[in-house]
Amino acid sequence: MARLQHTVTVAALDRSWFEECAALLLDVVESTRTGPGGTLLEGGEPVPGVRLVKGRHLRAGARYTVTRDPAPPTPGEAPQAPVETLTTGIREWRRSTAIAVEQRVASADAVGRVTLRLRTPDRPSGLEARWTLRNPAGGFLQRISGRARIDLAAWWAAVAAPAGALPAARPPVSARARHPLGRADLSIAVRPAGGGARKAGADGRKAGAGAWEVGVTVTVRGRALLRPPAALVLLLFRVPLKRAFRQGIDETAARWNEVVEAGLPSPEELRAEFTEAVVTRNPGEAGPG
């Protein structure tokens, strides 16, 4: 077994800013409509590659296909037809309780299913995910499954805790991935940096107004008969693994701080950017979803 752990300090976000942005993005999705020409935004702009093929739009039982354009043809080559890469189904869609979707991936490199469930979307309180993926051309070792849980209510409670408060019994973020060779567990804990809660800027932009101390822990274990050789490999590569792990966490934190300190968009600005990205994206470059 190998245990990797690292703690970083990152700029804080304001809860009200986060929740307002989430609600506005859902408003954009719910303003769309479908028809023979595909999916359209509220202003009539088409959403490239997204088509309703079953059920009622944004209702339980609805199913959509997402297509992407193939690579541009070489000179003299006939254009290829769009390739279907993803099917998305709506399991539940209630803004007051939960939104649940299932995505089925089908490509030359990966086949599988991903399910996502967002609790109380109007004021997000938690996100759950499950996935199973495999290489259709591969064998026993080329498959993976897992699940993840983000308890947003617990996250906000942790960053607002007073100095000296005991940590929660469970970390607000956890995930587990399973592979035939082993299992990896991830947990993320958070608390106010400096030992006490401080309020972030009202628009979520001011990093100096508050900071979070985020601890990331990853545990890797071999499975069944593979435990002894896996343990040996982990022992031999423990130092470079720890170095790469810490470097990755540090780089992620640095990018986060750079974005926040540069000034995050207002909810309305984010809505406009999201709408423009949906309309102008090239499905051939964006990939599934």
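**View 1. Phe 140 sits in the loop between strand 10 (126-134) and strand 11 (143-150).** This is a predicted model, with local features needing pLDDT of at least 70, side-chain atom pairs counting only at pLDDT 80 or more, and totals for chains, interfaces and linings taking in all residues. Residues are numbered from 1 along each chain as its sequence is written, and side-chain values use heavy atoms, leaving out hydrogens and water. Strands here are DSSP runs of E, at least two residues long, and helices are runs of H or I, at least four, both numbered from the N terminus. Phe 140 counts as exposed because its relative accessibility is 55% (exposed is over 50%, buried under 20%, partly exposed in between; 1.4 Å probe, protein chains only).

**View 2. Leu 58 has a positive phi, and it's no glycine.** The angle is about 55°. Look for Leu 58 in the loop that runs between strand 5 (50-54) and strand 6 (63-68). With 8% relative accessibility, Leu 58 counts as buried. For context, most residues other than glycine have a negative phi.

**View 3. Thr 120 is a non-glycine residue with a positive phi.** Here phi is about 40°. Thr 120 belongs to the loop between strand 9 (111-119) and strand 10. Its relative accessible area is 28%, so Thr 120 comes out as partly exposed.

**View 4. Thr 219 and Asp 185 come together from 34 residues apart along the chain.** Their C-alpha atoms are separated by 5.1 Å. Thr 219 is part of strand 14, which covers residues 211-222. At 7% relative accessibility, Thr 219 counts as buried.

**View 5. The second largest pocket holds about 410 Å³ of space.** A pocket is an open set of points on a 1 Å grid where a 1.4 Å probe fits, with protein on both sides within 12 Å along at least five of seven lines, and lining residues have an atom within 4 Å of a point. Its volume is the space filled by probe spheres on those points. Twenty residues line this pocket, and the closest to its centre are Ala 165, Leu 166, Pro 167, Val 190 and Arg 191. By type, the lining has 16 nonpolar residues, two polar and two charged (Asp, Glu, Lys and Arg are charged; Ala, Val, Leu, Ile, Met, Phe, Trp, Tyr, Cys and Pro nonpolar; the others, Gly among them, polar).
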